[in-house]
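Subject: Structure handover

Hi,

Here is the structure I promised to send over.

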Amino acid sequence: METDQAFLEYAVKTLVDNPEAVETTRSIDQMGVLLTLTVHPDDMGKIIGKNGKTAEAIRILLRVVGMKNNARVNLKINEPVGGKRSGSSFGETESDVAEVAPE
């Protein structure tokens with residue numbers, strides 16, 4: 001397990017009530033490292049935080065860990081089945097997902 005993925009699992013498992021349900025996957029593409037996080041549906045609020053502040057703090061810390069390894073690290077938080085925003089993941093806004101038409 002890579003340093004960034006191990007850090008993410010450690011940080012998230014300390015925040016949630018169901019640490020056994022925490023799952024992470026790591027993939028690398030031309031944009032850098034993508035860590036995907038899945039947690040128990042009851043723990044989503046603890047990971048997102050008020051106004052997304054906890055999720056943003058985790059993303060900032062992952063970027064710092066990535067900088068030590070000369071890698072750009074991004075975090076995607078999967079929404080649990082039956083969530084309010086089906087079809088997208090937490091932390092993504094419409095502008096993050098929408099394609100921009102060439103001018």
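**Salt bridges**

Arg-26 and Asp-4 form a salt bridge, with 2.9 Å between the closest N and O atoms. By salt bridge I mean a side-chain nitrogen of Lys or Arg within 4 Å of a carboxyl oxygen of Asp or Glu. Arg-26 sits in strand E1 (residues 23–29) and Asp-4 in helix H1 (residues 3–15), so this pair ties together parts that are 22 residues apart in sequence. Helices (H or I, at least four residues) and strands (E, at least two) are DSSP runs, numbered from the N terminus.

Before going further, the ground rules: this is a predicted model, where local features need pLDDT of at least 70 and side-chain atom pairs count only at pLDDT 80 or more, while totals for chains, interfaces and linings use all residues. Residues are numbered from 1 along each chain as its sequence is written, and side-chain values use heavy atoms, with hydrogens and water left out.

Back to that pair: are its two ends buried or exposed? Asp-4 is buried, with a relative accessible area of 4%, whereas Arg-26 is partly exposed at 28%. The cut-offs are under 20% relative accessible area for buried, over 50% for exposed, and partly exposed in between (1.4 Å probe, protein chains only).

In total the structure holds four salt bridges. Another of them joins the side chains of Lys-13 and Glu-9, at 3.7 Å from N to O. These two are four residues apart in helix H1, so about one helical turn separates them. Glu-9 is buried at 15% relative accessibility, and Lys-13 is partly exposed at 35%.

Glu-56 and Arg-63 make a further salt bridge, with an N to O distance of 4.0 Å. Glu-56 counts as partly exposed at 36% relative accessibility, and Arg-63 is also partly exposed, at 36%.

**The hairpin**

Strand E1, where Arg-26 lies, runs antiparallel to strand E2 (residues 32–38), and seven bridges join the two. Strands are taken to pair if DSSP finds at least two bridges between them. E1 and E2 form a hairpin, with two residues between them.

Most residues other than glycine have a negative phi. Which loop holds Asn-51? It is the one between helix H2 (44–48) and helix H3 (53–68). Asn-51 is not a glycine, yet has a positive phi of about 55°, and it is exposed at 79% relative accessibility.

Asn-70 also has a positive phi of about 55° without being a glycine. Asn-70 lies in the loop between H3 and strand E3 (73–77), and counts as exposed at 77% relative accessibility.

**A nonpolar patch**

Which residues make the nonpolar surface patch? Ile-60, Val-64 and Met-67 do, with an area of about 280 Å². Ile-60 is found in helix H3 and is partly exposed at 42% relative accessibility. Patches are made of residues with over 30% relative accessible area and no salt bridge; like charges are joined within 9 Å, and nonpolar side chains (Val, Leu, Ile, Met, Phe, Trp, Tyr) within 5 Å. Accessible areas come from the Shrake-Rupley method with a 1.4 Å probe, and for residues only the protein chains shown count as cover.

Cheers
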